Amino acid sequence: MNIGVIGCGSIGREHIKRLGGKVSGTKVVAVFDILEEGAKNAAQLAPACCKVYTDVEAIVNDPAVEALVITSPGFAHKDAILAAIRAEKPVFCEKPLCTTSADCKEIVAAEMAAGKHLVQVGFMRRYDRGYMQLKELLDSGEFGKPLIAKCTHRAASVNDSYTTEMAVNDTAIHEIDCMPWLLGDDAWDKVQVIMGANTKNAHEGLSDPQVMIMQTKKGVTVILEVYVNCKLGYDINCEIVCEDGVMNLPCPSFPTIRKDHKVSTMIEQNWILRFIDSYDVELQDWVDNAAKGTVSGPTAWDGYIAALTSDALVKAQKSGQIEKVETGGIPDFYQK
Ligand code: NAD
Ligand code: ISE
């Protein structure tokens, strides 16, 4: 499958390397970035035949491009996805599908009008081995029903363009998507955000850390700490308290060192390394299904439901109140 990549920043370059590398059956044949220099540099990571575009419609409509990978920032996803749907080409779009539910709704409407499943969203935690192991344990029923989950989503630092809202729609969006999936719950019911003491390491105007308290429709309470200037590394944790047991997401395995009267181990540096295998598995699954005209991973509908929740959380950031998440029924088109 010949791929066009839109957006050649951090994850764009990572995905270009894995498409045609660890991910088989694909080749990156074209790239586009609003910064031409960035696109040219990224093309060096692809086979020699890779073309560099300066326009989104041109890359999407290049007959040599059979499918698109969108790795531009969230605010730029909508136009690129709509162009891909118009061209009836499969598209893998990094999370979030779009930063607002209104924009996501347009994507869902366009995909349903096209009458074909074309869009997969990059919620890679559903492909992560540790999360899959937790899901298997929960689904076994051996531990009774889940009651409470305590999650941390910590990153060493963020750049100055990262905003308070991005803690929701760029960072917490992973837990927003994967926790209902993990817990076997339909969706979120209500959410709240608590912002208190700020770290000295956050840039001006950014509230960091933030605590998000969310309840699923079945009543499971999820307490999520988002702390993106924690300095200590990229630290993803998830503990699930069930009626008959408590389980924890496995941490990446590093050697345990005993030295100088201390026992120590490592914490992963960043998302690139922490979820390196999950990205490979998710893209392989997308490619294999796209070749058959199907989508088995997170759909545009999943992206829309996540955005409805992130809208409510952004509202809660401002109101300081508990906000309701209103989701309608799933259209037949998206029933799995
Ligand atoms: P980045 O800022 O490093 O790169 C974004 C690139 O897109 C830049 O090169 C920029 O010039 C380009 N760009 C900006 N507007 C564009 C437009 N309209 N059309 C085409 N290109 C445009 O960002 P990033 O960290 O690579 O993130 C990109 C996307 O991937 C975001 O949606 C982000 O949330 C997502 N992401 C996902 C994960 C994950 O774990 N799944 C990790 C990192 C980033
Ligand atoms: C980034 O875009 C990602 O998706 C990472 O997985 C997340 O941890 C980080 O907070 C986001 O900015």
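Asn169 lies in helix H7, which covers residues 166-183. This is a predicted model, and I will keep to what can be read from it. Asn169 is buried, because its relative accessible area is 8%. Leaving aside neighbours within four places in sequence, Asn169 is in contact with Pro96, Thr99 and Ser310.

Next, helix H5, residues 101-114. Asp103 is found in H5, and at 22% relative accessibility it counts as partly exposed. Not counting residues up to four places away in sequence, Asp103 touches Lys78 and Cys98. Asp103 and Ala307 are 204 residues apart in sequence, yet their C-alpha atoms are 9.1 Å apart in space.

The second residue is Val108, also found in helix H5. Val108 counts as buried, at 5% relative accessibility. What is Val108 in contact with, leaving aside its neighbours within four places in sequence? The contacts are Ala300, Trp301, Tyr304 and Tyr334.

Now the sheets. One is an open sheet of six strands, in the order E3-E2-E1-E4-E5-E6, and its pairing is parallel. Its edge strands are E3 (51-53) and E6 (119-122), each of which pairs on one side only. From one strand to the next, the twist averages 20 degrees. Within this order, strand E1 (residues 2-6) and strand E4 (residues 67-70) pair in the parallel sense over four bridges. Ile6 has Ile70 in E4 as its bridge partner.

Another open sheet has seven strands, ordered E12-E11-E7-E10-E9-E8-E15, and here the pairing is mixed. The edge strands are E12 (245-248) and E15 (323-324), and each pairs on one side only. Helix H6 (residues 129-140) packs on this sheet and touches E7 (146-154), E11 (235-242) and E12. The direction of H6 makes about 5 degrees with that of E11. Helix H10 (residues 300-319) lies across E8, E9 and E15, and runs at about 35 degrees to E8.

Let me stay with strand E9 for a moment. Strand E8 (residues 188-194) and strand E9 (residues 210-216) run antiparallel and are joined by six bridges. Ile194 stands opposite Val211 in E9, and Trp188 stands opposite Thr216. E9 also pairs with E10 in the antiparallel sense, over six bridges. Here the bridge partner of Gln210 is Val226 in E10. The hairpin of E9 and E10 has four residues between the strands, and in it Gly219 takes a positive phi near 95 degrees. Which residues of E9 are on its covered face, and which on its uncovered one? Gln210, Met212, Met214 and Thr216 make the covered face, while Val211, Ile213 and Gln215 make the uncovered one.

Strand E10 spans residues 221-227 and includes Ile223. At 34% relative accessibility, Ile223 counts as partly exposed. Together with Leu147 and Ile148, Ile223 makes a nonpolar surface patch of about 200 Å².

Last, the charged pairs. Side chains of opposite charge can pair when their charged atoms come close. How many salt bridges does a search of the whole structure find? The count is 24. I will go through three of them.

Glu243 forms a salt bridge with Lys145, with the closest N and O atoms 3.5 Å apart. Glu243 lies in the loop between E11 and E12 and Lys145 in the loop between H6 and E7, so this pair ties together parts that are 98 residues apart in sequence. Glu243 counts as partly exposed, at 43% relative accessibility.

Asp189 forms a salt bridge with Lys324, and there the closest N and O atoms are 2.6 Å apart. Since Asp189 lies in strand E8 and Lys324 in strand E15, the pair ties together parts that are 135 residues apart in sequence. Lys324 is partly exposed, with a relative accessible area of 46%.

Lys259 counts as exposed, at 55% relative accessibility. Asp260 counts as exposed, at 55% relative accessibility. There is also a network: salt bridges that share partners join Arg126, Asp177, Asp302 and Lys336.

Note on methods:
Residues are numbered from 1 along each chain as its sequence is written. Chains are lettered from A and ligands numbered from 1 in the order in which they are written. This is a predicted model: local features need pLDDT of at least 70, side-chain atom pairs count only at pLDDT 80 or more; totals for chains, interfaces and linings use all residues. Side-chain values use heavy atoms; hydrogens and water are left out. Patches are made of residues with over 30% relative accessible area and no salt bridge: like charges are joined within 9 Å, nonpolar side chains (Val, Leu, Ile, Met, Phe, Trp, Tyr) within 5 Å. Accessible areas come from the Shrake-Rupley method with a 1.4 Å probe; for residues, only the protein chains shown count as cover. A salt bridge is a side-chain nitrogen of Lys or Arg within 4 Å of a carboxyl oxygen of Asp or Glu. Helices (H or I, at least four residues) and strands (E, at least two) are DSSP runs, numbered from the N terminus. Buried means under 20% relative accessible area, exposed over 50%, partly exposed in between (1.4 Å probe, protein chains only). Two strands pair if DSSP finds at least two bridges between them. Axes are lines fitted to C-alpha atoms, for helices over the stretch in contact, and angles run from 0 to 180 degrees between N-to-C directions. Contact means heavy atoms within 4.5 Å.
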